[in-house]
Each structure stands twice: as structure tokens, then as C-alpha cells.
Amino acid sequence: MTQLQSFLLTCTVAHVMLLFALATPDAAYPPPYGLDQSWTTTTTASASSADDLIPVRREVYGGGRIIDISHRYHSEMPSWESDDGLGHFLWLAKTMKNGSLSNNSEMKLPAHTGTHVDAPGHVYDHYFDAGFDVDTLDLDVLNAIPILSSSSSCAYPSGYGDGLGDCVGVGDSCLSPMSRQVHENGEIFDITHKFTPHTPVGDSTEGIGQFLTLLTSMKNGSDYNFSEMKLPVHSGTHVDAPGHMYDNYYDEGYDVDSLDLRVLNGPALLVDVPRDKNITAEVMKSLHIPKGVRRVLFRTLNTDRGLMYKKAFDTSYVGFMKDGAQWLVNNTDIKLVGIDYLSVAAFNDLIPSHLVFLEGKEIILVEGLKLDDVQPGIYSVHCLPLRLVGAEGSPIRCILMK
Ligand SMILES: [Zn+2]
Ligand SMILES: [Zn+2]
């Protein structure tokens, strides 16, 4: 286990899907596919007809522009060597029904459940010991690159930009895994933090701790290595669903599986915000984000301070104040709000800001992004949460493509 450095939950994997060109804007919770008049719907927070409280679970978006080919996680789904399926994999560690101000789930899953990926360490123990874990898998292989190169790269190329694939074999030179943040000369930027025992989580000074357990080990005679993970769903880089802070939405099933992949994938603006304050209405105004921009990643002082690299939760982070959130809702077309610490909301306005963002069920909040070393500007963002049925949050894998 000690060699299992920087094991990363590869949502990319659990969420393999086909992405096509994204152009048409839409709301985070449109009516079922086929009824695409929702593209023109712009509001709203006040709408709350009975129909409005039925979450939509989609497999196909925009007439086939996006096809989700990942399975949902649910208790009846098959699980390796189990007669009873996956069973109870999700529970509410904090519930609004007991007076908590938010719903906060934890998840426990064998790493090879449902739609998942195998890393070389699964069946080769020397690769396992050398650290060939899922965090070393090449995102260029896992994600379609628009321009296909004739010299195809292998899963473990020897260096950045070297797409010659000379590591296809198993020579010694392949025994130092690479954990890449930038792929193919900047074509792909990984903006997801690794999960390690020190990954921060709200209310903890020690981080998430030992989140990964090796259930069967080749060192004990098993034919393969097989891990299980246990995580609070709001740790590390993750997404919030409306049920996080609205208990009626939670009960109605507005979980992470109902989030719209069209909002989570598409053109996005990465902006730097003033470093000396929280994101207020005044700050939002000063950013002059044009109408029509639907996805914005806000880089703040949190990145400069490296807060996501510190295991102790730090309440002095910056984020949205309620008036900043309200200004965004009232004056922009933004439906995806990304931020670089564990909460989009400043600690002093933790609940009110979330309530403003989540009330309309249109805005998706991605928290804990790794925005260091990426230039401000326009990218294509690709964010894929795990399909955890019933969860009000999920680890999420986000990448930017240039
Ligand atoms: Zn969260
Ligand atoms: Zn949040």
C-alpha cells in the first residue's frame, strides 16, 4: 500500500462517454431528451410546478451529441464475487432531517465496480509496487483528441509530447510511472486534484485519511490486487447536486446522476478574480463576463495559497458571498460555476450562497478544482461525476482541452 502514491479516482473511467462538439446552450435540468425547446429556457429559480420536481435521468443528450455509456451505481448492480450485488454503498453522514444545514454523504465502493478501469497494477504486482495506478493512466488514450495523429501514443509514453509509444513493451524504462498534469503539449490540462490521505475535506484537520484499502493482495497469494475506496463525496475535486442544501430536492432525487452533462461539458472561461476579497456582487460586476458565457472557472487566492494541498480544512478560503451569487444568477448566463477550494461559497455565507446557486436546479457547482499553471482564457471543459444514485455530491474528474 505504501507505494500506492497518489491514487486518483478516475471518474473519466467510471464515466466513459462519447463527446461530440458542443455548441448549443441549455439549462442544467431540461425536460427529458427529445423535448429540446428547453434550450431556450432561461429561468428559473422561482419555477416550482409539480413537473419541476421530477429529476431527469438521461443517457442521450441533444439527439446523440453526448451518449453516456457509464452505468449508474445502485445497490442491486453486480459486484465482483458477490451474490447480492453491490449493496449499501452510500450513506448520509449528515442529514438535514436531523438538523444539519446540509446533506453530506459518504461512499464505499470496490474500485472495480460498475463501469471502471483497470490499471496495470491490478494483475502485475511489480507494477503495483512501482505505482502504476489509475492516476498514471494517459488521458490522451482515455479521451478523444480531435486531431488524430498517425503516430499513436501508448498508455505509458516515455515523456511529455513524446507520442511515439516506445513504452508499449515492458522494459525497465517503463517502470517509473508518470502522473501527468499536462498532456500532449498542452492539449489536455488535468484540473482535478489527486486523492491521497491528505486530500482536504470540510471539518477535518487531517484530510480524508486512509481512503483506500487493498481487499485482496497478490502478496497474500491472490491472482490480482483489488482495492476498495471510502470517501466523503464532498472531498477533493467534486460536484454539488441540488439535494446538498435543499432537502426537498434531495427527497425528489436531484442527485449527481441527474446533472446535465451538457452543462458539465463545453466551452468554458477561466478567470482570475481579485485576490484580496471574496466574490461579491461588486467583484462579479468588475469581471465583465459577457452574456452567453455559460461555464466559468473562478481562480482565486485559494490557488495562490495552495489550500487544496493542505490537509487541514481552512475556513479562511475565499468564495462567493450571497450577493455575488445572486448577481451571477440575475445578470449572467452562467450555469457551471467552478472554484478552487472545497466550497464555492465563502465560509461566512456558506449556506446562503449555496441556496442562491442551487435553488433553480439549473446551476452546477464544481468545487476543489486544480487551477494552478493554466492560463486564463477559453477552453473546452469536460467534467464527469460518478453516477452515484442518491448522492448529493460526487468526486468529479475535470479536464480542460485547448
Ligand atoms: Zn460540495
Ligand atoms: Zn458546495
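In which sense, parallel or antiparallel, do strand 11 and strand 12 (residues 295–299) pair, and over how many bridges? Strand 11 and strand 12 pair in the parallel sense over 4 bridges, where two strands count as paired if DSSP finds at least two bridges between them.

This is a predicted model, in which local features need pLDDT of at least 70 and side-chain atom pairs count only at pLDDT 80 or more, whereas totals for chains, interfaces and linings use all residues. Residues are numbered from 1 along each chain as its sequence is written, and chains are lettered from A and ligands numbered from 1 in the order in which they are written.

The protein chain holds 9 helices and 16 strands; these are DSSP runs numbered from the N terminus, with at least four residues of H or I for a helix and at least two of E for a strand. Of its 402 residues, 46% count as buried, that is, with 20 or more other C-beta atoms, placed from the backbone, within 10 Å of their own.

Strand 11, helix 6 and strand 12 make a right-handed β-α-β unit, meaning that, with the strands pointing away from the viewer, the path from the first strand over the helix to the second runs clockwise. Strand 11 is also joined to strand 15 (residues 377–385), and these two run antiparallel.

| Residue | Bridge partner | Strand of the partner |
|---|---|---|
| Asp272 | Arg299 | strand 12 |
| Ala268 | Tyr379 | strand 15 |
| Leu109 | Met229 | strand 9 |

An open sheet of 4 strands has the order 4-5-9-8 with antiparallel pairing, and its edge strands, strand 4 (90–94) and strand 8 (212–216), each pair on one side only. Within it, strand 5 (residues 104–110) and strand 9 (residues 226–232) are joined by 5 bridges.

In helix 8 (residues 322–331), the buried residues are Lys322, Gly324, Ala325, Trp327 and Leu328. The buried residues of helix 8 pack against helix 6 (281–287) and helix 9 (350–358), contact being taken as C-beta atoms, placed from the backbone, within 7 Å.

The largest nonpolar core has 82 residues, and Val337, Ile364 and Val366 have the most contacts inside it; such a core is a set of buried Ala, Val, Leu, Ile, Met, Phe, Trp, Tyr and Cys residues joined through C-beta atoms within 7 Å. Strand 16 (residues 393–401) gives the most to this core, with 5 residues. Apart from it lies another core of 6 residues, including Ala119, Tyr127, Phe132 and Leu137.

Note on methods. Buried ≥ 20, exposed ≤ 12 C-beta atoms within 10 Å, placed from the backbone. Contact = placed C-beta atoms within 7 Å.
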